[in-house]
Amino acid sequence: MSALRVLSVASEAFPLVKTGGLGDVVGALPAALAREGIHTVTLIPGYAAVVEALHDRTIVRSYDYLHGAPAHVLAGRAGGLDLLVLDAPHLFARGGNPYVAPDGTDWPDNAQRFAALGTAAADVAQGAVPAFTPDIVHAHDWQGAIAIALLHYRGGARPGTVMTVHNLAFQGKFPRELLADIGLPPQAFSAHGVEYYGDIGYLKAGLALADRITTVSPTYAAEIRSPAHGMGLDGLLRHRASELTGILNGVDTEVWNPATDAHLAASYDARRLGRRAANRVALQARTGLAPDPDALLVGVVSRLTWQKGMDLLPEALPALLAQGGQLALLGSGDFALEEQLAKAAAAAPDRVAVTIGYDESLAHQIQGSVDALLVPSRFEPCGLTQLCALRYGAVPVVARAGGLADTVIDANEMAQAADAGTGVVFAPDSSDALGFALERVAALRHDPRAWQQMQRRGMKTDVSWTRPAQQYAALFRALAAARTG
Ligand code: ADP
């Protein structure tokens, strides 16, 4: 049986470019799918760092003019991935991040940038690169979604299309006047196509036109069909419910392995949990926290946004400090939240450490040393940090939302009696509830034996890509069979 071929279309891929979980997933899924007999080629924009990293490159497609200037599609390898890279410096070779300028505002030409990516994807899908003609196009979030619409309206033979939603909050909405510029015909602007509340919706178009839709947890797949969480798309998602499934994310268990993690002062595993103490000493020293071996040390690694519930933290902090606890936070995001959290740290520098920025190494060090990792999200499609926490023996303390609810088992009395609890799950999203959850964590930790058992259960939880990859593989194969059958 020849391998099924998937063209994955996305705006980021770890380790080349990452702003969040999307990058992790796009970077890790191909290797996991390869074990299921599926060959993935990933099409991403040619940001400067990506083009620089690309080796064994060849030009496989050229455009005299693509949204403003000539462009090429390069084939090559980087970061362990088989890549197609849209080399279009006028669209992608700039500072800032993939979506926003250094001043925090969206790039003004985002519609054109990702329409260009979609055009390249649609061309590859229809055979422009003879060495790789995919059976499936797998589009990620709004940046990939427009490829599905472009392909749909071209007509002709095409592969099966799968739209994966990593976060429904990011929708890619642009003025209707851009329709022709994006490369879409007039009839695309309809309720069944790309029209979205009078504008053009990239994500909406992908959701309307893909053969199959997935999102990153079963609970989120159910939540987004309700008005409370559907963000304007719940009607469409209810309409397409029979084509919508939730497949949990995994984590790359080689990147996230406490037994081999070079970022840690001391490596450890479930049998040598005592070695975490050395990491704690190192973290406290690095972040300026008091060298307290016994305090309840709580970690946060997060974008600092309303979605992540980060505004609840300052108010809940007294509940933690009252118990002699410490907080080690790493994150970046909303300027106002960054400031508010930095202020909380300045008020108690030996108990609260706030590091503003993006730091892969510190993220590992926090996971490898804290007692509990806090994820108080208001909504969370899947969430990866709680999965890393499980693997690292940091007890996750999470809001009951989306993938958090699917991956952490609350250590209530019944769960503890059944040897099942792996963390603390709390609701609703208020600072009182968060404070109460932190009190529960402190109480649970008063029984060190039960606490260690909970850490070990977490570490035994399968957070790898094995099962998710099997589910994606089954979905891709069923779709390919349905289209050729
Ligand atoms: P989201 O994609 O919504 O931001 P996820 O939990 O799905 O949230 O994924 C976040 C990913 O980004 C995780 O791998 C996490 O470790 C990482 N991360 C988030 N903030 C930082 C940061 N400030 N420094 C380093 N890694 C971070």
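The lining of the second largest pocket divides into 5 nonpolar, 4 polar and 5 charged residues. This is a predicted model, in which local features need pLDDT of at least 70 and side-chain atom pairs count only at pLDDT 80 or more, while totals for chains, interfaces and linings use all residues. Residues are numbered from 1 along each chain as its sequence is written, and side-chain values use heavy atoms, with hydrogens and water left out.

**Second largest pocket**
- About 360 Å³ of space lies in this pocket, a pocket being an open set of points on a 1 Å grid with protein on both sides within 12 Å along at least five of seven lines, and lining residues having an atom within 4 Å of a point.
- Of its 14 lining residues, Asp371, Arg445, Trp451, Gln452 and Gln455 are the closest to the centre.
- Helix 10 (276-287) and helix 18 (448-460) are the elements that give two or more residues to this lining, and helix 18 gives the most, with 4 residues.

**Largest cavity**
- The structure holds 1 cavity of 30 Å³ or more, a cavity being a set of grid points where a 1.4 Å probe fits but cannot get out.
- About 50 Å³ of space lies in the largest cavity, whose lining comprises 6 nonpolar, 4 polar and no charged residues.
- Helix 1 (21-34) is among the elements that each supply at least two lining residues, and the largest share, 5 residues, comes from helix 1.

**Contacts of Leu168**
- Not counting residues up to four places away in sequence, Leu168 touches several residues, including Leu203, Tyr220, His229 and Met231, where contact means heavy atoms within 4.5 Å.

Methods. Grid points are joined across faces, edges and corners, and a volume is the space filled by probe spheres set on the points. Ala, Val, Leu, Ile, Met, Phe, Trp, Tyr, Cys and Pro count as nonpolar, Asp, Glu, Lys and Arg as charged, and the others, Gly among them, as polar.
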